[in-house]
Amino acid sequence: MTTTDSSSRVILPLPGNEAFARQLAVAGRWELGELETRRFPDGESYVRIAAEVADKSVVLVQTLAQPDPGFLSLVFAADAARDLGARDVILVAPYLAYMRQDRRFHPGEAITSRSFARLVSSSFDRLVTVDPHLHRYPALSALYTVPADTLHAAPLLADWITGEVERPLVIGPDEESEQWVAAIAQRIGAPHAVLRKIRHGDRNVEVALSDLSAWRDRQPVLVDDIASSGRTLIEAARQLPQQGFALPVVAVVHAIFAEDAYPQLAQLCSRIVSTDAVRHQSNAIALAPLIAQALATDTEAATSLVRHRRPPEPLDDIDPTTGADSFTATSTL
Ligand code: R5P
């Protein structure tokens with residue numbers, strides 16, 4: 001492990017990630033740069049790095065909830081940074097997309113987790129993310145060919161619960177959540193329980209509660225890595241009062257909350273909180289300090305990385321005149 005020279009790092013936010021990037025820059029005492037992005041009239045993307053990046057470590061910040069519209073700009077920005085002589089180009093994606101389609105469930109399906117990993121790995125030297133949805137893959141290294149830091153928000157959720165909830169009972173809505181529910185419960189010295197879930201479809205989930213009545217006097221806190229369609233948490237939250245519990249508190253890492261998931265869940269809970277991995281009205285737990293700490297330490301693999309690095313290319317002459325084949329970039333993305 002080595003420590004990075006903080007003066008040689010610049011943080012660049014993709015659109016929508018400015019607040020997170022600012023917090024990251026403050027937490028790590030790094031320079032905050034600017035990325036200019038626009039859309040050409042034909043829908044193509046314009047990207048310009050408005051910062052000095054030569055010989056610096058460049059960190060592009062883009063959480064990857066709803067990744068499709070912004071992904072090309074991200075790749076263009078990474079390439080531009082490299083062309084302009086960046087020492088390395090790192091992607092900070094607090095939420096990592098395309099982790100669910102990790103096998104072919106029906107004939108002919110694209111295994112998008114693999115394709116997406118290949119695309120990211122070919123553009124970046126390192127990936128830093130938080131609680132990726134690892135289901136059939138044991139680790140990101142099984143998918144990503146660049147060093148990938150998997151950070152965990154469980155201690156932050158635990159600290160939030162300690163400060164905000166009296167006599168909690170930490171509950172995971174399915175067996176998969178056992179890992180972080182047990183870790184949280186242990187950290188705060190509270191009991192925990194794990195429910196059983198059967199998923200019949202994207203929005204069709206069955207959750208079975210065992211008898212939790214021994215803890216009825218405690219405040220249930222449902223904890224999950226992601227609220228996507230929200231069905232898992234909705235089904236769990238619906239059933240707890242039937243065993244005499246108070247309305248649950250919900251704490252999630254990734255607040256995707258597709259469609260009307262949030263208002264539906266809100267009716268069944270006393271409070272919903274999330275980390276700011278995905279920008280959402282429930283955000284209450286900041287991830288920037290955790291990510292800054294990881295970035296401040298280069299893994300050995302990252303420092304010795306030569307895989308994608310190539311010497312800066314001579315810059316094309318800049319032609320300030322607008323030629324017949326040039327478009328004026330107009331609206332922001
Ligand atoms: C389970 O595999 C995960 O930990 C989450 O419980 C799940 O992804 C939540 O999905 P949804 O909100 O669509 O029920």
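Two residues count as in contact if their C-beta atoms, placed from the backbone, lie within 7 Å.

**View 1. The whole chain, as a predicted model.** With that cut-off in hand, look at the contacts with a separation of 6 or more: residues 24 or more positions apart account for 65% of them. The chain has 333 residues, and 43% of these are buried. DSSP gives nine helices and 18 strands here.

**View 2. The open sheet of six strands.** Reading across, the order goes β3-β2-β6-β7-β8-β9, and the pairing is parallel. At the edges sit β3 (31–32) and β9 (148–151), each with pairing on one side only.

**View 3. A closer look at β2 and β6.** Five bridges join β2 (residues 9–13) to β6 (residues 57–61) in the parallel sense.

View 4. Helix α2 (residues 68–83) lies across β2, β6 and β7 (88–93), and runs at about 170° to β6. Helix α8 (residues 288–296) lies across β6, β7, β8 (126–130) and β9, at about 145° to β9.

**View 5. Helix α4 packed with helix α5.** Here α4 (residues 154–164) meets α5 (residues 178–188) at about 45°, with the axes 9 Å apart. The crossing is right-handed. On the α4 side the contact uses Ala154, Pro155, Leu157, Ala158, Ile161 and Thr162, while α5 brings Trp180, Ala183, Ile184, Arg187 and Ile188. By class, that makes nine nonpolar residues, one polar and one charged.

Note on methods: Residues are numbered from 1 along each chain as its sequence is written. This is a predicted model: local features need pLDDT of at least 70, side-chain atom pairs count only at pLDDT 80 or more; totals for chains, interfaces and linings use all residues. Axes are lines fitted to C-alpha atoms, for helices over the stretch in contact, and angles run from 0 to 180 degrees between N-to-C directions. Helices (H or I, at least four residues) and strands (E, at least two) are DSSP runs, numbered from the N terminus. A crossing is left-handed if the near helix is turned anticlockwise from the far one by less than a right angle, and right-handed if clockwise. Ala, Val, Leu, Ile, Met, Phe, Trp, Tyr, Cys and Pro count as nonpolar, Asp, Glu, Lys and Arg as charged, and the others, Gly among them, as polar. A residue is buried if 20 or more other C-beta atoms lie within 10 Å of its own, exposed if 12 or fewer, and partly exposed in between; C-beta atoms are placed from the backbone. Two strands pair if DSSP finds at least two bridges between them.
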